[in-house]
Amino acid sequence: MDGPGALYSAARSASHEALNFSTPRSMDRVNEEIINYELIEDLLLLLLVQPEKNEVLLPPEGASFSDGHVLVFLPGFGEIQSLTQLLRGSRSLGNRERFDIIPMHSTLSPQDQRRAFLKPKTGCRKIILATNIAETSVTIPGVVAVVDTGRVREVRVDKRTSTSKLVTDWCSRASAKQRAGRAGRIQPGICLKLYSSRTSSVTMNEAAQPGMSELPVYCHCN
């Protein structure tokens with residue numbers, strides 16, 4: 001689509017016939033359910049620190065990655081904490097003068113959640129690590145890139161026993177679309193999906209199933 005809301009997907013589809021024989025075989029061995037934190041770090045480096053080495057994740061026409069912020073979707077607090085520690089230990093991304101790494105999940109206080117919406121100091125870009133609470137209920141200004149792991153942590157109710165439990169699973173295709181839409185709100189943006197088109201079309205449900213609910217968000221942005 002055209003205009004400020006345009007979205008450019010970095011996940012270009014290619015048939016197995018267009019790849020050499022070893023490539024699809026290697027992809028089949030990847031466990032997409034395991035979050036690759038090092039891959040996320042590499043993507044952030046290409047987008048934010050080393051654009052001269054980036055020959056694949058090109059911005060769409062009319063867009064630039066020289067400014068703006070990045071939103072990373074993760075399933076829960078533990079994953080956000082793990083990636084936060086990794087990025088803060090990075091020589092480049094851990095530079096607090098250049099990057100503000102901001103966790104965003106429902107267990108944070110409203111004051112801490114509000115950090116994602118505040119304008120950063122000059123020359124500093126935000127890397128927001130969020131759960132699915134950032135899918136639809138809030139809009140974070142200035143996000144030009146989304147990194148989506150495709151994973152979600154939900155409360156799932158067992159109707160037989162009337163008990164609930166917290167599970168980690170694939171988000172729905174509807175949720176994935178909402179996540180991608182968080183990029184490109186003010187200019188054309190990019191969405192990097194860390195799962196295959198096969199997972200999207202075969203494994204993910206079209207929409208969230210009955211008996212599931214996301215964790216609540218307590219956010220006061222004014």
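Biologist: Ok, which residue in β4 does V72 stand opposite?
Modeller: V72 stands opposite L129 in β4. Keep in mind that this is a predicted model.

Biologist: And what is the bridge partner of P103 in β4?
Modeller: L129 again: P103 has L129 as its bridge partner in β4.

Biologist: How many bridges join β2 to β4, and how do they run?
Modeller: There are 4 bridges between β2, residues 69-73, and β4, and the two strands run parallel. For β3, residues 99-104, there are 6 bridges to β4, and that pair is parallel too.

Biologist: Is β4 buried or exposed, then?
Modeller: Buried. 6 of the 6 residues in β4, residues 125-130, are buried, so the strand is largely enclosed by the rest of the structure.

Biologist: Which residues sit on each side of β4?
Modeller: R125, I127 and L129 are on one side, with K126, I128 and A130 on the other, and all of them are buried, leaving both faces covered.

Biologist: Switching to cysteines. How many disulfides are there?
Modeller: 0, from a search of the whole structure. C171 is in no disulfide, and its nearest cysteine sulfur belongs to C191, 9.9 Å away. A disulfide would need the sulfurs within 2.5 Å.

Biologist: Is C171 buried or exposed?
Modeller: C171 counts as buried because its relative accessibility is 2%. C191 is buried as well, with a relative accessible area of 1%.

Conventions: Residues numbered from 1 in each chain as written. Predicted model: local features only at pLDDT ≥ 70, side-chain atom pairs only at ≥ 80, totals over all residues. Heavy atoms only, no water. Buried < 20%, exposed > 50% of the residue type's maximum accessible area, 1.4 Å probe, protein only. Pairing = 2+ DSSP bridges.
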